[in-house]
Amino acid sequence: LHTGFRVPRLENSISDVTMVALGPDFTLALTSAGKLFAWGKNSDGQLGVGEDVDSASDPMLVNFVTRSNIKSIHASLNFSAALTDSGQLLTWGSNKEGVLGLGEDRIDEDCVCAPEIVTGLQEHAVLHVALGSSHMVCATANLQLWSWGKAGSWLGLGIADEETSPEDEFTFGDDILAESSEVVCSPTVVETFPKAPLKSLRSEE
């Protein structure tokens, strides 16, 4: 019986997979041992396996610059992110519009082919992160929401300048607004929550 669907192969398979993230043409898989594997297209470094790989038809191990365990993985159009259990955020792939949050001095880099820590958030433990097509949003343990990437209303910052990495912009609770020219190119605070941290960045019915 031919159904037109291919049966998953067992060769080169990965065991104990606990989480999967999908881009349009690439896949990330996290194992219970904290190892990350990636396969598919790597045109913008979205696999995180280096610039010498154009694509991978079999899973490849992604190496990290941190010793902390990876607790969650995330994929968008052509960039990726991972959170560690210590609250570090790592990003890699296309850096168009500064979406990786690596700062103004990295804005000219079209792609980052291996995971790098978002240093603008190192003083904050990141609890959750969500990826749009050209921006990111994350929630930190100190009850703040941060956003960066392509400028627009989706950032929630009320400015039209490009954001490329985390830095204080304004906090709703304290009604403090900084000059946008001083905070362009850093992950930027959108809101401080009055009670408990967000359980998820997804809306709940």
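Strands here are runs of at least two residues that DSSP assigns as E, and they are numbered from the N terminus. With that numbering, Glu97 falls in the loop between β7 (89-94) and β8 (111-117). The model is a predicted one.

Start with the whole chain. The protein has 14 strands and one helix. It holds 205 residues, and 45% of them count as buried. Look next at contacts between residues at least 6 apart in sequence. Of these, 44% join residues at least 24 apart. The accessible surface of the protein is about 11,300 Å². Carbon and sulfur atoms account for 48% of that surface.

Now turn to the backbone. Most residues other than glycine have a negative phi. Two residues of this chain deserve a look on that point.

Take Asp16. This residue is not a glycine, yet its phi is positive, at about 60°. Where does Asp16 lie? Asp16 sits in the segment before β1, the strand that spans 17-22. Is Asp16 buried or exposed? Asp16 counts as exposed, because its relative accessibility is 53% and the cut-off for exposed is over 50%.

Return to Glu97, in the loop that links β7 and β8. Its phi is positive too, at about 65°, and Glu97 is not a glycine. How does its accessibility read? Glu97 has a relative accessible area of 24%. Buried would require under 20%, and exposed over 50%. Glu97 is therefore partly exposed.

Methods:
Residues numbered from 1 in each chain as written. Predicted model: local features only at pLDDT ≥ 70, side-chain atom pairs only at ≥ 80, totals over all residues. Heavy atoms only, no water. Helix = DSSP H or I, 4+ residues; strand = E, 2+ residues; numbered from the N terminus. Buried < 20%, exposed > 50% of the residue type's maximum accessible area, 1.4 Å probe, protein only. Contact = heavy atoms within 4.5 Å. Areas by Shrake-Rupley, 256 points an atom, 1.4 Å probe, with all protein chains shown as cover.
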